[in-house]
Amino acid sequence: MMRFMLLFSRQGKLRLQKWYVSIGDKEKKKITREMTQIVLGRKPQTCNFIDWKDLKIVYKRYASLYFCCAMEGQDNELLTLELMHRYVELLDNYFGNVCELDIIFNFEKAYFILDEFLMGGEIQETSKLSVSKSIEESDMLQETLEEYMSKPAF
């Protein structure tokens, strides 16, 4: 099971965080700071897996963002890399070549896409088509609601 997912920039700015275990805010900040320091301090040629405390940290850099996941010791690192890649593909599909600014200005959509894909730290839906369809339906529903709310009431 995944414990948390962090997305941060090359400068160490946190862009998205999703926690699947209950941890206090102070501890979250400490873990986030430690993860960014560890990952950013590594050379590009090094392995993308880190043993940290009782967890495995898996990270991957896509453009200017680092995707970092913590998982339990018995989980498969390669599956976690595939999971991160699938999330990036879903973001690319939605935003059209996703970039850091898309995550910053549309963070609620990035969280929604992540929630459609993962739930409780486990893969909820493996089909990119199903997730994309769900996102599209949500957007259509939101547009319909906005249209309805913009009409004057009599």
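Author: Let us begin with burial: in H4, Lys109, Ala110, Ile113, Leu114 and Phe117 are buried, where buried means under 20% relative accessible area, exposed over 50% and partly exposed in between, with a 1.4 Å probe and protein chains only. The model is predicted, so local features need pLDDT of at least 70, side-chain atom pairs count only at pLDDT 80 or more, and totals for chains, interfaces and linings use all residues. Residues are numbered from 1 along each chain as its sequence is written, and side-chain values use heavy atoms, with hydrogens and water left out.

Reader: Why does Leu114 count as buried?

Author: Its relative accessibility is 0%, so Leu114 counts as buried.

Reader: Why is H2 called oblique to H4?

Author: Helix H2 (residues 77–95) and helix H4 (residues 107–117) pack at an angle of about 130 degrees, their axes being 10 Å apart. Angles under 35 degrees count as roughly parallel, over 145 as roughly antiparallel, 65 to 115 as roughly perpendicular and the rest as oblique, and that makes H2 oblique to H4.

Reader: Which classes of residue make up the contact of H2 with H4?

Author: By class, this contact has 11 nonpolar, no polar and 2 charged residues.

Methods
Axes are lines fitted to C-alpha atoms, for helices over the stretch in contact, and angles run from 0 to 180 degrees between N-to-C directions. Helices (H or I, at least four residues) and strands (E, at least two) are DSSP runs, numbered from the N terminus. Ala, Val, Leu, Ile, Met, Phe, Trp, Tyr, Cys and Pro count as nonpolar, Asp, Glu, Lys and Arg as charged, and the others, Gly among them, as polar.
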